[in-house]
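Here is a brief report on domain layout and helix packing. Look over the sequence and the model before reading on.

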Amino acid sequence: MSTIIPASVAISGWGWRHAGRLAWAVRGLDLSIEPGQRVLLLGASGAGKSTLLHALAGVLADDEGDREGTMLIDGRRPAPGRAGLVLQDPDSQLILARVGDDVAFGCENLGVPRDETWRRVRESLESVGLSVPLDRSTTALSGGQKQRLALAGVLAMRPGLILLDEPTANLDPDGVTDVRDAVARVAHDTGATLVVIEHRVAVWQHVVDRVVVLGAGAGVVADGDPASVLEARGVELAAGGVWVAGHPPVHPPRRAGRERIAVLDTHGLAAGRAREAVQSGLDLTILSGATLAITGANGTGKSTLGLTLAGLLPPVGGVVTASEALAAGAGPYPITWRSRQLLTRIGTVFQQPEHQFLASTVRAELAVGPKALGLAAAEIDSRVTELLERLRLGRLAEANPFTLSGGEKRRLSVATLLATRPGVLVLDEPTFGQDSRTWAELVALLAELVGDGTALVAITHDLDLMDALADSTVTLA
């Protein structure tokens, strides 16, 4: 791939606050990045890392919030084109139906001539190692392939600054390695300036030459080469929530639960969509007071299976049957239950948190389920207040859910589920986007629920979560 002119970044006293929020997402930030540097951006959940990357990409509109200080790329205000942003959710970046068209989209918006656009498309796909036909359906790609597709779309625009916001958060271990290696190769071949956000430091620390740590509303709290920052200040950073190798979070104690009974059974289950099975012949038993972890490579049907177990997708074949204790008069098949019947029986957290937000504030979002159950106002307030505090969402109670960071959105989506206290929890990637501190708090809360008799199904690539909670594991292939 042809060399890109690397960008420089100069930030002085910069701050940003979402409209209607009292707290600043970022404030007092002073940061300079030299052309061609590779920077790993760390910090606790909610420290403003994603806000900073969106600002550098030129996608924070002036009417979306309050801004102070200056931010310059090559001496100019950020604007789309000079910087390219890759997000953590591959599906949110798919724009067009075919691979070639999707990569070409950015170039076309920049007015790049047609012949040059398609030359860049082929070159960019080759550089990220995505060897598929240009007319391949984008929805047919695996998670790792979609993330490489998003990176190719950014590279085709020839940005001098590549911005990656947790690009491996929802990928299986092989996908993580593939995307990380593709980024390292691209950075080496093009010379572009690179800034990557990632909670799990070990994935990127040998790719970058600089580590910058943000404090919540406090600007830069650490800055230097990876060894000096991560080794000399590892204990301090780990205490603040950064995932530092050699400083794992404390796993909650495993309580001896009450007698475990089957609450869901599957017999010859085939899970899929539009009558096309992605998994079949599954005989599973979900027990009260126990955790079943479902893992496997991207594209093997983990999320589809979870939705089928939760009564939200009809089985393509076979059956999902609930015990009499769980059904409580609603009938044996969860797929026939009404939404209100599901609320206290099976609760589901989707892979994309935004897909289940309904209210305009965090507090109101937490109250949606309890209100649907007809609970008294005092009980609703008690449940909401407890969850706000337990999951570090209290300061965001009046914020719009869609303005939260990725990790905050995930905690909110889990909290909305817990507010109705269902007997079975089906959680799709419940720990993505969490710093080590919020991870430990969330996992401790889930461990308490399991210890009290809740059945938990966790769809996950998180090995730490499986070590902490899993009583049994199903690996899909």
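## Domains and helix packing

The chain splits into domain 1 (9-240) and domain 2 (262-475); these bounds come from an automatic or database domain assignment. This is a predicted model, in which local features need pLDDT of at least 70 and side-chain atom pairs count only at pLDDT 80 or more, while totals for chains, interfaces and linings use all residues. Residues are numbered from 1 along each chain as its sequence is written, and side-chain values use heavy atoms, with hydrogens and water left out.

The C-alpha centres of domain 1 and domain 2 are 30 Å apart. Their contact (heavy atoms within 4.5 Å) draws 22 residues from domain 1 and 27 residues from domain 2. Between them the two domains bury about 1700 Å², with 42% of it on carbon and sulfur atoms. Buried area is the accessible area (1.4 Å probe) that two parts lose on being put together, summed over both. On the domain 1 side, Arg21, Ser45 and Asn170 supply 31% of the area buried against domain 2, more than any other three residues.

Now the helix pairs. Two packed helices are described by the angle between their axes and the distance between the axes. Helices here are DSSP runs (H or I, at least four residues), numbered from the N terminus. Axes are lines fitted to C-alpha atoms over the stretch in contact, and angles run from 0 to 180 degrees between N-to-C directions.

| Helix pair | Axes come within | Crossing angle |
|---|---|---|
| H2 (residues 99-109) and H3 (residues 114-127) | 9 Å | roughly 120° |
| H4 (residues 143-156) and H5 (residues 173-190) | 9 Å | roughly 20° |
| H11 (residues 362-372) and H13 (residues 406-418) | 7 Å | roughly 35° |

The angle for H4 and H5 makes H4 roughly parallel to H5 (angles under 35 degrees). Their crossing is right-handed, meaning that the near helix is turned clockwise from the far one by less than a right angle. H4 brings Gly144, Gln147, Arg148, Leu151 and Leu155; H5 answers with Asp178, Val179, Ala182, Val183 and Val186. By class, this contact has 6 nonpolar, 2 polar and 2 charged residues. Ala, Val, Leu, Ile, Met, Phe, Trp, Tyr, Cys and Pro count as nonpolar, Asp, Glu, Lys and Arg as charged, and the others, Gly among them, as polar.

H2 passes H3 in a right-handed crossing. Contact residues of H2 include Val103 and Cys107, and those of H3 include Trp118 and Leu125. The classes are 7 nonpolar, 2 polar and 2 charged.

H11 and H13 also cross right-handed. Val362, Glu365 and Leu366 of H11 touch Leu412, Ala415 and Thr416 of H13.

Methods
Helices (H or I, at least four residues) and strands (E, at least two) are DSSP runs, numbered from the N terminus. Angles under 35 degrees count as roughly parallel, over 145 as roughly antiparallel, 65 to 115 as roughly perpendicular and the rest as oblique.
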